[in-house]
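Colleague: Please show me the model. I would like to go through strand pairing and charged pairs.

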Amino acid sequence: MPTIGVDKEDFFVALGQRFTADEFQALCFDYGIELDEDTEDDPSRPPEEKPQLKIEVPANRSDLLCFEGLARSLNIFRGKEPTPTYRVLDIPEDQMQYIVVSKETADVRPFVACAILRGVRFTQASYDSFISLQDKLHQNLARQRTLVAIGTHDLDTVQGPFTYEARTPENIRFRPLNQEKEMDGNELMAHLENKHLGRYLHIIRDAPRYPVIYDSKEVVCSLPPIINGDHSKITLNTTNVFIELTATDRTKLEIICNSMVTMFSQYSSEPFTVEPVLIKEANGTTRVTPNLTPHRMEVDVDYINGCCGLDLSPASICQLLERMAYTSRPLGSSIEVFVPPTRPDVLHACDVMEDVAVAYGFNKLPRSLSHKSATVGKPLPINKLGDIVRQECAMAGWLEVMPLILCSHDENFAWLNRHDDGTTAIKLANPKTVEYQVVRTSLLPGLLKTIRDNKIVRLPLKIFETSDIALKDDSLERRVSGIDS
Amino acid sequence: MAVPTTDSSGDLAVDILAALSKAETLSSSTDFPNAKFSDLKAALDRLSSRSMILYKQIDQEIPFLEPEGELIAKHGSHEARVFEVVRQALEGLSIADLEKAIGDKSVTKLGQGKAFKEKWISKGKDGKLIASVDSIKDVTREHLATIETTHTCSDAKVLAELKKRKLVRLQKEISFNIEKGPKFALEIVKEETDLTDEMLANGSWKTATFKPYNFNALGADQHTGALHPLMKELGFEEMATNRFVESGFWNFDALMVPQQHPARDMQDTFFISDPKVADMPHAEDENDKKDYDTYWDNVRAVHENGRFGSIGYRYNWQKEESLRLVLRTHTTAISAAMLHKLASRQGPDGKPPPARYFSIDRVFRNESVDATHLAEFHQCEGVIADYNLTLGGLMDFMTIFFGKMGIEDLRFKPAYNPYTEPSMEIFSFHKGLNKLVEIGNSGMFRPEMLESMGLPKDLKVYGWGLSLERPTMIKYKISNIRELLGHKVDLNFIERSPAVRLDKD
């Protein structure tokens with residue numbers, strides 16, 4: 001689960017209330033986030049650093065990955081703030097900023113989306129948050145930039161229309177962000193090799209052509225997913241922000257694009273508005289990004305009430321949904337729900353139903369186990385036998401041990417004078433240590449290791465284990481059979 | 001006051017009684033400073049078991065000087081020495097000269113820094129060190145001198161600072177406060193430990209004093225066998241969990257974990273290099289009439305385009321990824337197979353009958369091993385499939401379930417889990433740790449996951465899981481998981497651990 005650090009003072013100002021530790025814990029708990037740490041009384045906090053709240057948010061909620069999103073969601077939840085209407089500015093297509101996609105990009109990084117935030121006034125705090133959100137999205141949803149990479153630019157330093165191309169490394173030349181000199185694609189790879197950006201190089205390194213975004217004057221905006229150009233970098237003074245995103249996954253591209261613009265359009269001169277960009281695809285089609293149209297769903301009132309064990313009127317369900325940032329209205333025996341573009345995690349009516357339960361309060365839901373069917377419990381015969389054997393062994397004066405199931409190849413074979421003919425042991429592809437190379441084919445290695453680590457214990461030493469081993473079996477779906485030893 | 005120096009506990013006991021007859025209370029450190037600790041403790045236990053005295057143990061930490069501290073107490077602190085040398089050199093002093101004058105490089109270096117900080121010395125125009133004040137007060141030396149003579153320090157902050165600077169060490173000292181007990185007497189009466197026929201015959205039993213039974217005695221070591229403490233609390237009805245290996249399909253895809261999810265990273269999951277890949281799900285014996293092909297197709301569709309009312313994850317789903325073999329990362333993979341099996345069963349009404357399954361077995365995570373993480377641990381998991389289930393019913397069930405283990409006052413927090421919605425983390429207030437601790441996870445399986453299996457829409461399924469190691473570690477106060485699971489376990493620990501009665505504290 002991602003952890004977001006927010007300035008405590010500023011956050012409480014944004015929430016319009018100074019919470020006590022207990023009050024804030026309770027709010028987080030009800031909403032489904034977790035206060036991990038409050039650094040106010042942490043002795044290791046340097047005195048010049050302001051106290052922070054470190055808040056753990058669920059992995060599916062990209063709308064809670066920054067200060068702005070967290071504060072907004074909690075304010076809507078507490079009824080302190082209405083859900084904003086995120087709006088794409090109405091501009092005729094022929095007046096839109098546009099980007100032309102060349103067909104070679106299809107082989108390396110096929111998808112692109114852009115958006116513009118106008119009249120933004122950054123403070124140091126909101127600027128830091130903007131950078132940090134990109135970082136969080138890159139790490140989590142974008143799977144270390146493999147799926148999506150975000151570039152943000154000062155629009156006033158570049159000149160549209162833009163092009164999204166794929167060029168051979170020698171034919172790309174620019175001064176990368178915060179670097180001293182110009183370099184070409186190959187030099188850039190070599191230069192970043194051992195730097196912290198080095199871990200992203202593998203994504204395109206071996207491709208014959210690298211993806212690049214140019215402005216109309218051949219200024220490199222970015223070489224995704226590695227680095228932006230220095231020329232167009234955003235600063236505290238940037239007011240018009242050009243956001244471009246490139247991707248290998250179309251759905252993730254839209255999710256991350258919407259996440260960026262819904263979070264930071266609150267700083268646009270007209271809050272919560274975004275200027276669209278026209279994407280001219282290589283095949284001649286065009287589309288407009290971002291798309292902030294809410295996803296419409298119809299959710300059965302009986303389904304919500306049934307799962308929650310409640311008997312709420314459609315109107316009161318709508319009220320609860322409002323606190324979870326949905327727009328909704330009763331529609332016959334259903335609720336018509338508009339899922340905001342901030343909530344791509346909502347896939348099914350069950351996600352809406354859960355949010356009704358969260359807004360109602362999990363711990364306030366009626367508890368009775370309303371429906372109890374009689375079912376017959378029974379132990380698995382082999383495990384029952386195992387328990388009998390265990391009891392008998394223990395009563396006969398043997399100590400039960402539970403060694404690990406994974407062991408080294410030598411422990412399972414060579415050190416037992418056994419030969420591996422390749423037909424028995426399951427081998428792991430990616431163990432972190434030599435101790436986890438194979439799944440045991442015998443209980444002996446674990447028992448012997450236990451004795452090795454207990455040489456200090458008084459003799460006689462009598463230990464036993466009843467457990468499973470696993471053997472390869474190509475006739476089965478999972479290629480493995482479990483044997484109870 | 002008597003100051004006996006005897007080392008025989010018998011005599012010491014008499015001496016204690018004698019001393020106590022003259023004073024209300026005694027302190028072992030002043031009244032018996034030379035008595036050996038073990039003798040003193042034996043004598044006190046002997047007297048207190050007869051209620052002749054009462055005593056209280058006092059644990060104290062007494063400050064003593066470290067060698068460096070002694071040096072400072074004698075010659076002054078490093079900074080004072082530096083100051084003195086600099087002050088005497090009227091023209092100022094170069095660092096090299098200072099080092100020469102003091103004769104110890106580390107003293108010079110430490111002292112110089114501190115003297116600068118205290119603003120006792122500064123750098124002159126030519127870079128030489130000059131004194132900035134006429135005289136100084138060497139507080140460190142004064143504190144150390146006091147500690148050297150009295151072994152006390154009035155200011156705890158100063159003491160902590162001196163300890164941090166390794167000038168002072170704290171030595172534990174145990175002493176006893178002794179006072180008269182209800183049966184105080186100067187003589188120790190011989191206590192009979194056995195009632196003999198002789199005593200009955202001569203009537204001496206009427207007046208004899210009997211030694212009380214000591215129910216706290218440990219008794220002789222029986223060298224018994226024992227069950228492992230982790231297993232002591234088990235005993236549920238179970239699913240067959242003896243296959244450690246699953247395909248990506250059962251371990252992830254069937255459970256709505258998308259193929260790009262971080263859990264499917266090499267960092268988190270053990271992949272299998274041999275055997276290479278799994279088959280597509282299929283029946284393994286002729287009695288198995290389940291429809292695996294439709295299930296496979298449904299799962300793919302839910303991920304790729306959405307189905308059963310779900311918009312899905314909308315990505316390019318790869319068959320190869322689904323057939324990769326992994327060591328199971330949770331026993332939920334087995335629950336999925338059991339629920340799929342349930343879909344093909346028919347109750348009296350032609351629908352799958354309600355069912356409850358449990359399993360407790362080992363799961364595997366490719367984690368770096370430390371005190372709280374092992375690459376293997378036990379997961380206890382259960383599912384309840386029934387019609388008309390509500391979220392409150394799940395909470396009610398969890399309350400009953402944990403109540404049987406003596407865990408009460410549950411709180412439920414909204415959480416995220418790819419295969420359950422709603423999902424709830426279960427917390428309980430831990431009195432020892434004085435905070436809410438997470439004790440398990442639970443939820444209702446996602447409808448699109450269940451409908452893919454062919455289960456009817458109105459059948460709802462609760463699922464919950466918890467690790468066995470965490471509560472056991474709390475119960476047995478174990479801080480390192482390796483002492484509980486694996487070959488590094490201490491066999492003595494297995495033998496001595498009491499049987500678990502989770503309903504008792």
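**Strands and salt bridges**

Modeller: Strand β22 (residues 426-428) of chain A pairs with β7(B) in the antiparallel sense, over two bridges. Strands count as paired if DSSP finds at least two bridges between them. Helices (H or I, at least four residues) and strands (E, at least two) are DSSP runs, numbered from the N terminus. This is a predicted model: local features need pLDDT of at least 70, side-chain atom pairs count only at pLDDT 80 or more, and totals for chains, interfaces and linings use all residues. Residues are numbered from 1 along each chain as its sequence is written, chains are lettered from A and ligands numbered from 1 in the order in which they are written, and side-chain values use heavy atoms, with hydrogens and water left out.

Colleague: Which residue is the bridge partner of A:Leu428 in β7(B)?

Modeller: Strands of a sheet pair through backbone hydrogen bonds, either parallel or antiparallel. Here β22 of chain A and β7(B) are antiparallel. In β7(B), the partner of A:Leu428 is B:Ile272.

Colleague: What is the strand order of the open sheet?

Modeller: The sheet has four strands with antiparallel pairing. Its edge strands, each pairing on one side only, are β21 (406-407) of chain A and β7 (272-274) of chain B. The order is β21(A)-β23(A)-β22(A)-β7(B).

Colleague: How many salt bridges are there over all chains?

Modeller: Side chains of opposite charge can pair when their charged atoms come close. The rule asks for a side-chain nitrogen of Lys or Arg within 4 Å of a carboxyl oxygen of Asp or Glu. By this rule the count over all chains is 47.

Colleague: How many residues apart in sequence are the parts that A:Lys8 and A:Asp38 tie together?

Modeller: Their closest N and O atoms are 2.6 Å apart, in a salt bridge. A:Lys8 lies in helix α1 (residues 8-15) of chain A and A:Asp38 in strand β2 (residues 34-38) of chain A, so the pair ties together parts whose separation in sequence is 30 residues.

Colleague: Is A:Lys8 buried or exposed?

Modeller: Buried means under 20% relative accessible area, exposed over 50%, partly exposed in between (1.4 Å probe, protein chains only). The relative accessibility of A:Lys8 is 10%, so A:Lys8 counts as buried.

Colleague: Which residue meets A:Lys449 in a salt bridge?

Modeller: The N to O distance is 2.9 Å.
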